[in-house]
Number of protein chains: 2
Amino acid sequence: VIIYGRNAVTEALRGQRRVRRIWAVKGDWSGAPVTQASPADITARCGSDAHQGVCADVEEYRYANAAELLARSEPFLVALDEVTDPQNLGAVCRTAEVAGATGVVLPERRSAEVTPAVCKASAGAVEHLAIAQVRNLADFLRDAKQAECWVYGADAAARTPYRSPDYRGGVVLVLGAEGKGLRPRVRDACDDLVSLPVRGRIDSLNVSAAAAVLMYEILQQRLDTST
Amino acid sequence: VIIYGRNAVTEALRGQRRVRRIWAVKGDWSGAPVTQASPADITARCGSDAHQGVCADVEEYRYANAAELLARSEPFLVALDEVTDPQNLGAVCRTAEVAGATGVVLPERRSAEVTPAVCKASAGAVEHLAIAQVRNLADFLRDAKQAECWVYGADAAARTPYRSPDYRGGVVLVLGAEGKGLRPRVRDACDDLVSLPVRGRIDSLNVSAAAAVLMYEILQQRLDTST
């Protein structure tokens, strides 16, 4: 796989997968064999002109196992229901990594995967984040409840304010695609639905902005009790 | 100006500036004269292929006056220091509009402006949001303090946790460009600097994610006291 972008390559070098070769306009790279290349060469190699002067050949992305994530002590998971936009998936993964989430769970179908565009959009965060694919998201949420997690879906119409629940212990936060929200079977598998206040004429946040606000509420509650 | 994208055109029609003409692949538009056009025609007209089948000729974007924003009762303003990426500016504007911010303040130079790409990235939120340009951001922050606003800068190294301040009353939240943070003169003009907790190997949030978390903390505090 050819990934591209300065942060994406930097974090791949710090992460788990093998970096076989780097092509770069400038030579300040180490950790793998480096070939000097022109910007046009790099564009041709990675198929994007957003490469910032560097691309690298790396092993396939290794997904985590969803059951193993549920087996962790008090996991904090983020599940995305049919989020297909690579920018949004990358942005959510970056915030999840920074916020210390245990992992991100995606359905196998009708979802963005961890492509090079997602690596770039996540600023390389996917290299340090456990991301699992599941066949059926509603089934996964039921497994999560059996594993004593509480499952909270984000829903603009929900009556529960997002700051009301107790997010300590095992938690799965579920977010839907923009404009569509959660599918009925996914919604039904949630323990509760939570909403963010809105005060503008535009009535919906971008999924990555909503995810950031919710993840930091969860992180903050967990930090407050651990001190 | 030719703006593009479904939300951008929809919100322009609901907003203040005149929409002179719409070019669309499908005919379900009203509020301005509509010309049917092919996707290639629309791409040629707006200069982007991210148009989702519609573009429109609209009046120039009308910026708000920064002094007027400060004259409002207890304004909630977001100031961006040298944020040059249109995606980030658009994303921050969208969240600011949804969170009910009074407005966004940008320096005239070394900052993204409200271009069609920003309209698109904001999902049209810029049409309903007051956005002001100022010659010098540090001077503006001093004016804000004279107008009895409290000025909080986001700084990853700050000792004050972002939830500690009292964000009621007039507030200006200042965010810097990714990777660079706030310039010294802008930082010095802040009453306090606040930080978000980080727990990952990647140590910084995207500016629009950080902005979302901070704006919702501010909104939440203001909602809690208004009830």
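Let me begin with the interface, where 33 residues of chain A are in contact with 33 residues of chain B, contact meaning heavy atoms within 4.5 Å. This is a predicted model, in which local features need pLDDT of at least 70 and side-chain atom pairs count only at pLDDT 80 or more, while totals for chains, interfaces and linings use all residues. Residues are numbered from 1 along each chain as its sequence is written, chains are lettered from A in the order in which they are written, and side-chain values use heavy atoms, with hydrogens and water left out.

The area buried between the two chains, A and B, is about 3000 Å², and carbon and sulfur atoms give 56% of it; buried area here is the accessible area (1.4 Å probe) that two parts lose on being put together, summed over both. Of the area that chain A buries against chain B, 23% is supplied by A:Arg94, A:Arg201 and A:Ile202, more than any other three residues.

Turning to charges, there are two salt bridges between chain A and chain B, each defined as a side-chain nitrogen of Lys or Arg within 4 Å of a carboxyl oxygen of Asp or Glu. In a salt bridge, B:Arg163 meets A:Glu217 at 2.5 Å, N to O.

Now to a strand of chain A, E6 (residues 103-107), where five of its five residues are buried, that is, under 20% relative accessible area with a 1.4 Å probe, protein chains only. Which residues cover the two faces of E6(A)? A:Gly103, A:Val105 and A:Pro107 lie on one side, with A:Val104 and A:Leu106 on the other.

How values were computed. Buried means under 20% relative accessible area, exposed over 50%, partly exposed in between (1.4 Å probe, protein chains only). Helices (H or I, at least four residues) and strands (E, at least two) are DSSP runs, numbered from the N terminus.
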